[in-house]
Structure formats: C-alpha cells, structure tokens
Amino acid sequence: MSQTVIEPAPSATAMVQASVADRREPFLVIENVVKRFGNFVALAGVSLRIQPGELISFVGPSGCGKTTLLRAIAGLDPPTSGHIVQAGHDITALPPSEHDFGIVFQSYALFPNLTVTDNIGYGLRGREWPKERVGHRVQEMVTLIGLQEHERKYPAQLSGGQQQRVALARALASEPGLLLLDEPLSALDALVRLHLRSEIRALQRRLGVTTILVTHDQEEAMSVSDRLVVLNKGHIEQVGTPKEVYREPATSFVAGFIGRSTEVDGTVESDGVVRAKGVALRVEAASRMSPGSAVHVFIRPEDVLLGEDAGGNQSANTCKVTSIEYLGPICRVGLQAGDMGIEADIRPDEIGHLGLGSGRPIPMMIPPERVMVFPADV
C-alpha cells in the first residue's frame with residue numbers, strides 16, 4: 001500500500017506563540033522597493049515584513065531578483081525607489097558601513113593571510129570593542145562553531161565546511177541585528193551542505209538573530225526556514241511557511257517551481273471534473289470554476305495512489321508503467337494514462353507488492369483535494 005504521511009496539527013503552545021509573533025512590530029520592513037539597472041527592472045515594487053528572530057528564505061529562478069533584494073537590504077545596491085526600515089530606522093540611503101548586519105557569501109571571502117581567530121575578529125574595531133572584549137568574543141565564537149583545535153590555522157589549511165563556519169562566526173561576531181546569507185552552502189558537497197545547514201539553523205535559533213537566506217536549493221530553503229519568499233521576474237509570487245507554499249501554492253508559477261510535480265493543461269468539465277490529455281480527473285478546486293475553463297493542472301508524485309489504494313475508487317484510471325527509478329528512500333515510477341505522462345513516488349518495498357513492471361497496467365488515482373489547478377490565463 002502507498003505510504004500515507006500524517007501531518008500533525010500545531011500544538012496549542014505553538015499557536016499561541018505564532019499569535020504573539022504576529023502582534024510584534026516587524027524587525028525589517030521593505031516597502032514598495034524598485035530597483036532598475038538601466039531599462040531592466042530587477043525589483044518591481046517589492047513589499048515585505050520580517051519578524052524579529054525569523055529565518056526567511058528568498059527563492060526563485062536565476063534573475064528573479066532575490067540577490068538584488070538582499071543587496072538592497074545590505075546597502076550594497078540601494079533601491080531606485082521605495083523604503084527599507086530596520087528596527088524602526090530608515091536605512092534605505094545609508095552606506096553599508098552604517099547598516100547593522102553580518103553577511104556570509106558563497107565564496108567565504110576569508111583573508112588567506114589571517115588565522116581563524118584573526119579572521120573572526122577582523123571587524124571588531126572601535127571604542128565599543130576594546131582588546132580584551134575582542135579576545136573574549138573571538139573565543140566565544142570559536143567555541144560556538146567548534147573549531148577550538150583549528151583556531152591558529154589559516155584558511156588554506158581548513159576544509160570547505162570549516163571555512164564556511166569561520167565566515168559565519170565572523171559575520172556573527174559583531175552581534176548584528178540581521179544576518180544575511182547569500183548562497184552560503186552552494187560551493188560545498190552534498191553531505192557537508194546537509195550537515196552545515198542543520199548547524200546554521202540550530203545556531204540561528206540559539207542566538208535568535210533575524211536571518212535572510214538566499215538560495216537556489218529548494219530543499220535547503222524548506223528545511224531551515226520559518227517562511228519562504230518566492231520571487232519571479234522582480235515580483236513576490238507568494239510568502240508563506242514551507243508547508244503553505246508547497247501545499248497551497250498561490251500561483252501556477254509557485255506550484256511548478258516549488259517541489260516536483262506533473263504539469264499538464266486541461267479543461268474543466270461539469271461536477272468538478274478536469275479532462276487533461278484524455279484523462280478525466282476529479283478535482284475538488286475545479287468545482288468552483290466554470291465549465292469550459294482552460295486550466296493548468298499540477299500533481300505531486302507522492303499524491304498518486306496505485307494498485308489497491310486506487311482500484312476500488314470510482315475516480316481511478318488505468319495506466320501503464322513506463323519506467324522505475326530507484327532513488328534510495330523512494331522509487332519514482334513513470335506512468336502513462338491516456339496521452340498523459342505522470343510520476344508517482346512509492347517506497348521501494350512496494351514495487352514487488354504492487355507487481356510493477358514495464359508495460360504492466362495498474363489502477364491509478366489522485367485524491368481530488370490534492371490536485372492543484374490554476375486558470376490558464378493567470
């Protein structure tokens with residue numbers, strides 16, 4: 001039988017905490033920000049509110065404006081128009097040196113001629129950072145990132161993951177109100193990236209620092225973020241929790257960009273039925289649409305039911321297996337129903353149980369409430 005994922009309801013404590021957070025003044029307010037480079041509009045009236053202590057990720061395709069927005073917040077590329085307010089202070093036109101942030105880049109940007117401790121303490125200067133305080137703060141950060149045994153080493157003597165820890169410690173050393181992470185893990189291999197993103201999230205929660213992450217890695221963004229900001233062509237398409245953005249996409253762009261899905265064009269028929277590529281699909285959301293409407297249909301592979309789970313349902317369709325791809329914890333099964341190709345994710349041990357094999361027919365059904373549809377003209 002197909003695997004069913006039961007998502008726990010939020011606890012009363014979590015709901016109370018969320019309610020309190022909603023009433024707080026936002027730490028960062030981005031109001032109608034526009035950024036032009038000549039005739040090219042990189043940001044087209046972006047507005048956003050970020051709460052204190054929140055970790056929020058900017059995601060979207062290349063050229064969507066996510067890095068431009070991060071640089072505008074940092075003062076590295078001030079907006080053409082609009083306002084950015086941090087902790088009640090308008091920072092729109094301030095130079096980067098007067099912004100309260102720490103930043104970590106993809107390239108680490110460590111000084112090769114400085115040791116770990118010297119790199120971390122590099123920005124701790126001025127009257128508020130006397131020598132003794134600097135020493136205490138640097139040691140505190142070295143301990144925090146777990147590099148006590150490497151504190152006298154130079155960047156070239158460290159692994160990529162260790163270098164990124166140093167860059168993170170340097171960004172946090174001055175106790176900034178805002179932490180900016182610009183593709184911080186993309187240069188690392190998969191296993192190091194997986195481990196380090198968990199460390200970054202745990203560290204961010206422990207320190208409570210408001211954090212913005214720019215990443216092209218959807219899994220990374222969904223695993224660490226309180227909320228996602230999905231950008232496309234300089235506009236915000238949707239802001240929401242990872243679950244909201246994945247399960248309740250606001251637009252067809254979000255449905256197609258976040259996560260994996262089968263996308264097909266269809267037409268609404270009566271009684272909440274959508275016909276797509278010769279296949280009749282019952283779609284709960286289509287019951288609110290006019291018959292004859294052209295729609296985009298999106299189906300998540302984990303929502304496709306096969307065999308016994310689908311066979312007894314009147315909405316089931318018969319399909320044929322076209323491919324089976326082993327991906328470790330799941331197998332991705334390619335299916336053909338009518339003229340529609342579709343993917344289903346199942347557990348490896350279900351392959352034998354379902355008797356799946358290339359060309360074999362099998363009942364298939366997608367729960368009507370799980371099929372996502374959007375008007376074709378949106």
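How many disulfides does the count come to by the distance rule?

1. The count comes to zero disulfides, where a disulfide is a pair of cysteine sulfur atoms within 2.5 Å. The sulfur of cysteine 331 lies 16 Å from the closest cysteine sulfur, that of cysteine 319, which is too far for a bond.

2. This is a predicted model, in which local features need pLDDT of at least 70 and side-chain atom pairs count only at pLDDT 80 or more, while totals for chains, interfaces and linings use all residues. Residues are numbered from 1 along each chain as its sequence is written, and side-chain values use heavy atoms, with hydrogens and water left out.

3. Cysteine 331 counts as buried at 4% relative accessibility, and cysteine 64 is also buried, with a relative accessible area of 1%. Here buried means under 20% relative accessible area, exposed over 50%, and partly exposed in between (1.4 Å probe, protein chains only).

4. Helix H4 covers residues 131–144 and reaches 20 Å from its first C-alpha to its last, close to the 20 Å expected at 1.5 Å a residue, the expected span being 1.5 Å times one less than the number of residues. Helices are DSSP runs (H or I, at least four residues), numbered from the N terminus.

5. Within H4, Val134, Arg137, Val138, Met141 and Val142 are buried. They cover an arc of only 135° around the axis, which puts them on the same side of H4, the arc being that of the directions from the helix axis to the C-beta atoms. On the other side of H4, Glu132 and His136 are exposed.

How values were computed:
Helices (H or I, at least four residues) and strands (E, at least two) are DSSP runs, numbered from the N terminus.
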